[in-house]
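Please read it alongside the sequence and the structure shown here.

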Amino acid sequence: MGLAQTLSAAMIEQTQRENLAIARGLKRNDPELLDQLIELYQHRLLRYLLFLTGKREVAEDLFQETWMRVLLRGAQYNGKARFDTWLFTIARNLVIDLSRKRQMASLDEMSEAGDDERPFEVAIDEPSPLDQFAVREDRAEVAEVLLKLEPNYREVLVLRFHEEMSLEEIASFTKAPLSTVKSRLYRGLAALKPEVEQLRKAHEGGSVRA
């Protein structure tokens, strides 16, 4: 076994140990553990909810509700899956439930008919289009551009480039076929490009006038 494989195996084993420790702590209703988890995951979770809902007030309400679910249902977490995946699944289900109640187009009700089946891969060792744009622009503007996309495209982009999930992990997380995930990523990036270019032109025009 090579060094890279050895390190990878060690990291997987360490993650599994951490997940099992979290599972034991949640079963004990350990308040210190919950505080640590909130501190560790609060920014990622709130960002994910903001991108899914597009509204800060709604995202903050769902953020609080997600942690309440963790507190009440922590014993259901067995440590076999990654904790962040379990946490984000709770949050995603809350978004879907809210969308159904408000009779809005929810993530699981989006039509699959228009999804393109062409394969599309993104190199994980290169800066993502979102990262490249964020270097030049304020992250609030990156968020503004993302929020213009359809929810199912937006979610895949956020999970791929912000949460750094693999396409296979996204497929498992969203319960969508891998081909659908690839299609949404492709179409999301295609839809993102003109929005980014339009925002850049607006900024360049402002710079010229200044």
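A residue is called buried when its relative accessible area is under 20%, and exposed when that value is over 50%. The model described here is predicted. The chain holds nine helices and zero strands, and buried residues make up 40% of its 210 residues.

**Overall architecture**

- Along the sequence, the chain follows the pattern α-α-α-α-α-α-α-α-α.
- Among the contacts in the chain with a separation of 6 or more, 67% are accounted for by residues 24 or more positions apart.
- The accessible surface of the chain comes to about 12700 Å², and carbon and sulfur atoms contribute 52% of that surface.

**Aromatic pairs**

- A pair of aromatic rings is described by the distance of the centres and the angle of the planes.
- Phe63 and Trp67 are separated by about one helical turn, because they are four residues apart in helix H3 (residues 56-73).
- Phe63 counts as buried because its relative accessibility is 11%, and Trp67 is buried with a relative accessible area of 4%.
- Tyr41, Tyr77, Phe83 and Trp86 together form one aromatic cluster.

- Rolling a probe the size of a water molecule over the atoms shows where empty space is left.
- The count comes to one cavity of 30 Å³ or more.
- The largest cavity contains about 50 Å³ of space.
- Its lining consists of Leu26, Asn29, Asp30, Leu34, Val70, Leu71 and Gly74.
- By residue type, the lining of the largest cavity divides into four nonpolar, two polar and one charged.

**Residues with positive phi**

- Asn29 has a positive phi of about 55° although it is not a glycine.
- The position of Asn29 is in the loop between helix H1 (3-27) and H2, and Asn29 is also one of the residues that line the largest cavity.
- Glu164, likewise a residue other than glycine, has a positive phi near 60°.
- Glu164 lies in the loop between helix H7 (151-162) and H8.
- With a relative accessible area of 64%, Glu164 is exposed.

**Arg184 and its surroundings**

- Arg184 belongs to helix H9 (residues 178-209).
- The C-alpha atoms of Arg184 and Val156 are separated by 6.8 Å, although the two residues are 28 residues apart along the chain.

How values were computed:
Residues are numbered from 1 along each chain as its sequence is written. This is a predicted model: local features need pLDDT of at least 70, side-chain atom pairs count only at pLDDT 80 or more; totals for chains, interfaces and linings use all residues. Side-chain values use heavy atoms; hydrogens and water are left out. Helices (H or I, at least four residues) and strands (E, at least two) are DSSP runs, numbered from the N terminus. Buried means under 20% relative accessible area, exposed over 50%, partly exposed in between (1.4 Å probe, protein chains only). Rings of Phe, Tyr and Trp (its six-membered ring) pair if their centres lie within 6.5 Å; planes under 30 degrees apart count as stacked, over 60 as edge-to-face and the rest as tilted. On a 1 Å grid over the protein atoms alone, a cavity is a set of points where a 1.4 Å probe fits but cannot get out, and a pocket is an open set with protein on both sides within 12 Å along at least five of seven lines; lining residues have an atom within 4 Å of a point. Grid points are joined across faces, edges and corners, and a volume is the space filled by probe spheres set on the points. Ala, Val, Leu, Ile, Met, Phe, Trp, Tyr, Cys and Pro count as nonpolar, Asp, Glu, Lys and Arg as charged, and the others, Gly among them, as polar. Contact means heavy atoms within 4.5 Å. Accessible areas come from the Shrake-Rupley method with a 1.4 Å probe; for residues, only the protein chains shown count as cover.
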